[in-house]
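Biologist: I would like to go through this structure feature by feature. Please give the general idea where there is one, then the case at hand.

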Amino acid sequence: MRLAPMLLFAPAIWAYPTLLPCDREMEVDGDQIMGAKPVASTATLLVTRSGSALPESSLYYPGESLQVMIGGSLSGYQAQLRATNGAFFEVTYGSRVSLETCGNMVSVIGATPPSLTLNMANASGPVEIWAGHASAQGVVSVTPKFMLAEGQVSPRSEERRVGKECRSR
C-alpha cells in the first residue's frame, strides 16, 4: 500500500528508440514503447547516393552504399533506423564495423544532422527503410516507410567498372 503514493512522484519515462532491440516491433499504433503507442511522424527519410537525394521508389544496385538521415527540422533526438530484405546499416563499434538490420543515431541541437550508411551488398527485392525517433519525454514517432526497388547492373556497366579498376592498378 505504501507503494502507491511513490508512483505519483515517479519521473516521466523517457522514450528513446535507441534502446530497442532490432527485432522489436516499431510501427505506428503498434506495440507500446515505454508506455505509449508510437505515433506517425511528420519527418521523412532522406536517402542519398553520392550526395544526391533519391526520390521514393528509386532503384538501388547490389553492392552500393547509400546514406540515410531523418529530414525536416528535427533536432535534439535519438532515433533508430530499420531496413528490410538484406539491407544492413554499417554500425561502428570502436574500430570494428558491423552490419545490422537497424542502426541508432543521436542528433545534437544545433549540430549537423547525423546519417547512417546503408549497405546494399546483400539486399534483394524491394527494401523498406523507416525510423522511430523521440526527444526526451516524448512519444516515439515513426516515419513513413521509404521504398527502394532492386535495379540490375547492366553487363556493360559492370564491364566498365571492372575496366576502371584494372586501369587504376
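**Reading the model: residues, sheet, cores and salt bridges**

Modeller: Gln80 sits in strand E6, which covers residues 78-83. Keep in mind that this is a predicted model.

Biologist: Is Gln80 buried or exposed?

Modeller: Buried means under 20% relative accessible area. Gln80 has a relative accessible area of 0%, so Gln80 counts as buried.

Biologist: With which side chain does the side chain of Gln80 make a polar contact?

Modeller: The partner is the side chain of Arg82, at 2.7 Å. Beyond four places in sequence, Gln80 is in contact with residues including Pro17, Met26, Cys102, Asn104 and Trp130.

Biologist: Next, the sheet. In what order do the 6 strands of the open sheet run?

Modeller: Strands of a sheet pair through backbone hydrogen bonds, either parallel or antiparallel. Here the order is E3-E2-E5-E10-E7-E8, with antiparallel pairing.

Biologist: Which strands stand at the edges?

Modeller: Strand E3 (52-53) and strand E8 (96-100) do. Each has a single partner strand, so one side of each has no neighbour in the sheet.

Biologist: Over how many bridges do E2 and E5 pair?

Modeller: E2 and E5 pair over 4 bridges, in the antiparallel sense. Leu46, for instance, has Met69 in E5 as its bridge partner.

Biologist: How should I read the nonpolar cores?

Modeller: In soluble globular proteins, nonpolar side chains tend to be buried together. The largest nonpolar core here has 25 residues, and Phe89, Met120, Ile129 and Leu148 touch the most other members. Among the elements that give two or more residues to this core are strand E2 (45-49), strand E5 (65-70), E6 and strand E13 (146-150). A second, separate core has 7 residues, including Leu20, Ile33, Ala134 and Val142.

Biologist: Where is Ile129 found, and what is its relative accessible area?

Modeller: Ile129 is in strand E11. Its relative accessible area is 0%, so Ile129 is buried. Outside four places in sequence, its contacts include Leu45, Val47, Val68, Phe89, Leu118 and Leu148. Ile129 and Ala83 are 46 residues apart in sequence, yet their C-alpha atoms are 4.5 Å apart.

Biologist: How many salt bridges does the structure hold?

Modeller: There are 3 salt bridges. One joins Glu27 and Lys145, with the closest N and O atoms 3.1 Å apart. Glu27 lies in the loop between helix H1 (3-8) and strand E1 (39-40), and Lys145 in the loop between strand E12 (141-142) and E13, so the pair ties together parts 118 residues apart in sequence. Glu27 is partly exposed because its relative accessible area is 29%. Lys145 is partly exposed too, with a relative accessibility of 29%.

Biologist: With which residue does Lys145 form a salt bridge at 3.7 Å?

Modeller: That partner is Glu128. Lys145 is in the loop between E12 and E13 and Glu128 in strand E11, 17 residues apart. Glu128 is partly exposed, with a relative accessible area of 25%. Through shared partners, salt bridges join Glu27, Glu128 and Lys145 into one network.

Biologist: What are the side chains of Glu64 and Arg49 doing?

Modeller: The side chains of Glu64 and Arg49 form a salt bridge, at 2.7 Å from N to O. Glu64 is in the loop between strand E4 (58-60) and E5, while Arg49 is in strand E2, 15 residues apart. Glu64, at 14% relative accessibility, counts as buried, whereas Arg49, at 23%, counts as partly exposed.

Conventions:
Residues numbered from 1 in each chain as written. Predicted model: local features only at pLDDT ≥ 70, side-chain atom pairs only at ≥ 80, totals over all residues. Heavy atoms only, no water. Buried < 20%, exposed > 50% of the residue type's maximum accessible area, 1.4 Å probe, protein only. Polar contact = N/O pair within 3.5 Å; in protein donor to acceptor, adjacent residues only side chain to side chain. Contact = heavy atoms within 4.5 Å. Core = buried A, V, L, I, M, F, W, Y, C linked by side-chain atoms within 4.5 Å. Pairing = 2+ DSSP bridges. Salt bridge = Lys/Arg side-chain N within 4 Å of Asp/Glu carboxyl O.
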